[in-house]
Amino acid sequence: MTQVIKPVPTILLHNEDDASLKRKLNYYRDDIALNRSPVVVEHNKEMIDIIYKILGYRCALEYIEKYGD
C-alpha cells in the first residue's frame, strides 16, 4: 500500500471536519482581504497552506481506500 504521510501531525486541525476547515479557509481569506498587518497576513497564509495540506491528505486517503494503490 502507498504510504501517505500525515502533514503537520501535531496540529489539532486534523480533528475538525471538512466543513469546519472550509469555514476557516474562508475566514483566513477574508481576513487577508482586510489588509491587516504583514504578520497577520503571513500567519493567515500559513494557516491556509496547512488546511489545504490536511484536505489533500484526506483526499489521498479516500482515494487509496477506494481504488487501492
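What covers the buried residues of helix 1? Helix 2 is part of that cover.

Some ground rules. This is a predicted model, in which local features need pLDDT of at least 70 and side-chain atom pairs count only at pLDDT 80 or more, while totals for chains, interfaces and linings use all residues. Residues are numbered from 1 along each chain as its sequence is written, and side-chain values use heavy atoms, with hydrogens and water left out.

Helix 1 to begin with. Helices here are DSSP runs of H or I with at least four residues, numbered from the N terminus. Helix 1 has 16 residues and spans 23 Å from its first C-alpha to its last, close to the expected 22 Å; the expected span is 1.5 Å times one less than the number of residues. Its buried residues are Ser20, Leu21, Leu25, Tyr28 and Asp31. They cover an arc of only 145 degrees around the axis, which puts them on the same side of helix 1; the arc is taken over the directions from the helix axis to the C-beta atoms. Buried means under 20% relative accessible area, exposed over 50%, and partly exposed in between, with a 1.4 Å probe and protein chains only. On the face turned away from the buried side, helix 1 carries the exposed residues Arg23, Asp30 and Ala33.

Arg29 also sits in helix 1 and is partly exposed, at 36%. Beyond four places in sequence, Arg29 touches Ile48 and Tyr52, where contact means heavy atoms within 4.5 Å. The C-alpha atoms of Arg29 and Ile48 are 7.9 Å apart, at a separation of 19 residues along the chain.

Next, the core. The largest nonpolar core has ten residues, among them Leu21, Tyr28 and Ile54. Such a core is a set of buried Ala, Val, Leu, Ile, Met, Phe, Trp, Tyr and Cys residues joined through side-chain atoms within 4.5 Å. Helix 2 gives the most to this core, six residues.

Last, the aromatics. There are two aromatic pairs. Rings of Phe, Tyr and Trp (its six-membered ring) pair if their centres lie within 6.5 Å; planes under 30 degrees apart are stacked, over 60 edge-to-face, the rest tilted. Tyr27 and Tyr28 are edge-to-face, at 5.4 Å and 65 degrees. Tyr63 and Tyr67 are tilted, at 4.9 Å and 45 degrees. Both of these lie in helix 2, residues 38-67, four residues apart, about one turn of the helix. Tyr28 is buried at 12%, whereas Tyr67 is exposed at 53%.

Terms used. Helices (H or I, at least four residues) and strands (E, at least two) are DSSP runs, numbered from the N terminus.
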